[in-house]
Amino acid sequence: RIENAEIRRCGQAGILGRYPTHFHMNGPNPAPDSYIKSNSIHSGFQRAVTVHTTDHTLVQNNVAYGNMGHNYFVEDGDEEFNVFDSNIAIATKNSPFMLKSDLNHASYWTASPRQSWRNNVAVDSHSRGLWFEFCASRVCDQVGSVVEVYNNTFHHNSDQGWRNYPVYTPHLAQYFHNNTFYKNSNFGWFAKNVGNIHHVHSKFVENGIDLFWEKFHHNEGSPDSYMDANVQDSLFVGSGDDSRQAIFAPQNEFFYVSGARFINYSSTVGVLSGCNKCCSNTMRRQGGYTYRFEGLSFED
């Protein structure tokens, strides 16, 4: 247990396992035996908090500032039921010394879907806020359920607020509630090949493109998920110029938006685009897809 400590200029860049704080292969670790709470971890050379082959930890109320690489880091893909609650990551930095993904890092990074993420903030990252990168480590789980993604905020990150890459195709419908994406330079929420995901009561404000979904994977074993909107009762706010767009819909049938409110987008660029990345001579998927929209409102 580590609580109320200042941890400064720790971590050894490029050396595996040398992190400021580290749960290392503790196994089931029944809750609430282990936690990292209310610490200041700053100016570090490699990460802030690492959870490695350990379950049921609590990472709560920590501040990570100016550290290199993925800061809150779930390492191997076999971790589950860890809780990341009310943490903040500020001005995190890319690193050339560890994983390939650290070159364009995320403040929060996980190799396993089975965690709880709530009330966290990622701000001013030199690249991304949160990254779901499954099958990048020892254990590959592209279909497991996320415990919770609730009330997180991603703002002013230099690339993306939340990145889903390369694949996440969960067997069960996943509902992400009340998250906020604000002024991320390229994308608020980015997905490469993702299915059965549902954003509920989320807010997207002045991102480059608010929601960028490239490939939409259908789960044939869960047809009921087609009846739930992928974007539900959410707010999108542009900046009034030609630099912003709300939704770039994916390459597949039956993408579904219900109850979205769009405010202050340019009439030149528009609010909605379809068939993401289809305008290419190298892409096999060309042409139109059937999308479903209902209950939309548009305001200057």
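**View 1. A91 sits in the loop between β11 (88-90) and β12 (106-110).** Strands here are DSSP runs (E, at least two residues), numbered from the N terminus. You are looking at a predicted model, in which local features need pLDDT of at least 70, side-chain atom pairs count only at pLDDT 80 or more, and totals for chains, interfaces and linings use all residues. Residues are numbered from 1 along each chain as its sequence is written, and side-chain values use heavy atoms, with hydrogens and water left out. Have a look at the backbone: A91 is not a glycine, yet its phi is positive, about 55°. With a relative accessible area of 12%, A91 is buried (buried means under 20% relative accessible area, exposed over 50%, and partly exposed in between, with a 1.4 Å probe and protein chains only).

**View 2. C135 belongs to the loop between β15 (128-132) and β16 (148-150).** This residue is not a glycine either, and C135 has a positive phi of about 70°. Its relative accessibility is 24%, so C135 counts as partly exposed.

**View 3. C10 is placed in the loop between β2 (6-8) and β3 (21-27).** Which residues does C10 contact, leaving aside its neighbours within four places in sequence? They are P20, G44, F45 and Q46, where contact means heavy atoms within 4.5 Å. Q46 is 36 residues from C10 along the chain, and their C-alpha atoms are separated by 7.4 Å. C10 is partly exposed, at a relative accessible area of 30%.

**View 4. Y165 and P166 are joined by a cis peptide bond.** Here omega is about 0°. You can find P166 in strand β18, which covers residues 160-168.

Conventions. Helix = DSSP H or I, 4+ residues; strand = E, 2+ residues; numbered from the N terminus.
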